[in-house]
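Dear colleague,

I am handing over the structure below, and I would be grateful if you could look through it alongside the notes that follow.

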Amino acid sequence: MLARAADSMFWLARYMERMDFVGRLLEAAQMMSGVSTEAEEWRSALIAAGCEEAFFAKHETATLETAALYLGCDKDNPSSILNCLEMARLNARAMRTNLTRDMWTAVNDAWLVARRIDSDAFTPARLDDTIEWVKTVSMRFYGAFVGSMLRSEAYYFTRLGCFLERADNTARILDVKYHVLLPDYARIGDAFDYYQWTSILRSVSAVRAYQWVYRGKVSPWNVAELLILRPEMPRSLRRCYDETVECLERLASEHGGRRGECHRLAGALGAQLRFARIGDIFQSGLHEHLTNMIDRTADLGQDIAAFYMR
Amino acid sequence: MFDEMRGAGGDLRASYAHVGEWLDALKPDALVAKRAEAERLFRRIGITFAVYDEGGDPERLIPFDIIPRVLDGEEWSFLARGLEQRVKALNAFLKDVYGPREILRAGAVPEALITQNPAFEAIMVGLEVPAGVYTHIAGIDIVRTGPREFYVLEDNCRTPSGVSYMLENRAVMMRLFPELFAKAGVEPVSYYPELLLRMLQSVAPPRCSGEPTVVILTPGQYNSAYYEHSFLADEMGVELVEGADLVVQDGAVFMRTTGGLKRVDVIYRRIDDAFLDPLAFRPDSTLGAPGLIGAYRQGAVTLCNAPGAGVADDKAVYVHVPAMIRFYLGEEPILNNVPTYDCSRPDDLQYVLDNIAELVVKEARGSGGYGMLVGPHATKAQRSDFAKKLKAHPHVYIAQPTLSLSTCPTFVEKGVAPRHIDLRPFVLSGADGVRIVPGGLTRVALREGSLVVNSSQGGGTKDTWVLRK
């Protein structure tokens, strides 16, 4: 397929996934702001979305009103929900021939609705409904691409975009909150911490999953393990990298075994996550581990582009 | 005035029996509801027409009218024979003017009209093209004034658009009114992309071995016809490339793929000549690929339509198409031209100035319906303004009588009312001859009394039915 088409499919999926992630960040921060200090929660959400600096250049303090608008629909924020959707559609439209009709209508229908959304949709009274809508959009897109695409190159590039973005997002949300997961921070029985950990789980839709896997009280150690190392957790780094490696392997076999730096790096990171122990990660530094994952994931994105998309 | 459904007298014509019955049975509310549903379908599929420089909604829908335009089998076979004849002559003409120039030497067409024509491409002179075909996809605009009176208004030999509307209009109609198709016996049009692909493969360079790789070259998603480009690529299962996806290496054309460079044999290009190759034409063009024309001239790739094909569809050259048919085919034209006055000729100019109130005056070169005067609909001041332009630059203009274009019932604000229409069938020419799917794009002037059907000026479209004989 065309190199440019691979690039468009990859970014279409990344933007849809990012939109979904920002929606979840809004949801988690909104729930937490009743418990902890509002400003702190919103600042975390802005950092996780990668737009802290730009936000504070514009606003004095982060509140539900200002941050939700910024993350939801601010034209100046490239990662706002509406901008992500706009970018997703641009990529989809550029390569319509590689999308199935179901995928196209999933993106285009959402875009048609978004065109009529005003900033009102991100005010406290309507935020819940809007977040619900965002989730529905991303689920529909995900369902459309998994359910209707031929398992050929275009599919694997789309899937690659989806999981690479998800890996980045999970690493970011963990890194923003890593300090509450550290043992010296945890105070047994502290209700506040309990909410913090739950909030992390909620932002990746893993509250129930946690209960199924650990059947017990939420502990920071387990939260970190679930989101970094557990293969059964759909948004864990491990799962994302398993999928990424798998997609790259499929692509390599589509091209007669042709492999490059992206295959090596993905394989190395995948193996690291597969054989690591959470104790070792805490010992050598959770923050260092997470920032390293974020940096390597960015490298991997560039290596994939260099190998397939030029 | 001839109405497609009721003729001149008012009696329902046989070809409209089903449509008439269906219209009578449809309640006005149902029409409104179905029209809204049609619009929703078009928006969802994303069939939009982009007009970026005029403000407003950048992705506009071309209004779709749900009342079909019907041609019976006899009418169509007459049209099809005339179209085939005309396009054969146009291709023979192009082969001739870029080759021996016999028609110019015979004096049947003035030489200056060709050699000084801005659409004339010197790079084509003396070049042999596969199957001798230059205009592979031609859109011939036809109007009707009576039961047997059809006229060719314009030939489009470069990159005619609109075929996706022909196909999607049909798809939407079948979805909205399946019961109507069950009875009416309408010829299908959906195999157009298949014919198109076969035609494109048939004109692959002779050196190409194996199945030829065909691509569509688009200027990109901001082009007004981008939907059509992607639609056709999708329907044919070929890549939709932009200039930056193409590389010319060692005299051959390749596209950049995820697996490296891949050879391209046939390019259905939807960008104008001037932008194809910055080395050959406009140096500032970023839409094409450097070296493309060099590769084309060496026979490494086929461009469809050929560069320079526009020399055959110029409005001043149009006057001579009947002469071409006689010259190359030794036949009498089946389809008539609209009588045309060439203002560069003093006699014609005088006639046009004297009768400007009855004439349509338009630029010999130009498109989109901007530089024209519709005499009967213009004010006195507009007419005298235009007469001044005409006297200042007579060679720019041609004039034609205002034809009383046929009308077709159309669903407008006030209900169902007659509106003027035209027809653009798409004629494919390849190594295996000429093929035409029965039908085409019917455009309708939605404003009462208007004769301008261009989508950029308030025109709409209709599904076009050809009934089985």
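In this predicted model, chain A and chain B bury about 2300 Å² between them, with carbon and sulfur atoms giving 41% of that area (buried area being the accessible area, for a 1.4 Å probe, that two parts lose on being put together, summed over both). On the side of chain A, the residues that lose the most area to chain B are A:Leu2, A:Arg93 and A:Thr97, which together account for 31% of what that side buries. Counted by contact (heavy atoms within 4.5 Å), 28 residues of chain A meet 27 residues of chain B.

There are 3 salt bridges between the two chains, a salt bridge being a side-chain nitrogen of Lys or Arg within 4 Å of a carboxyl oxygen of Asp or Glu. A:Arg4 is joined in this way to B:Asp245, with 2.5 Å between the closest N and O atoms.

As to conventions, residues are numbered from 1 along each chain as its sequence is written, while chains are lettered from A and ligands numbered from 1 in the order in which they are written. Local features need pLDDT of at least 70 and side-chain atom pairs count only at pLDDT 80 or more, whereas totals for chains, interfaces and linings use all residues; side-chain values use heavy atoms, with hydrogens and water left out.

With best regards
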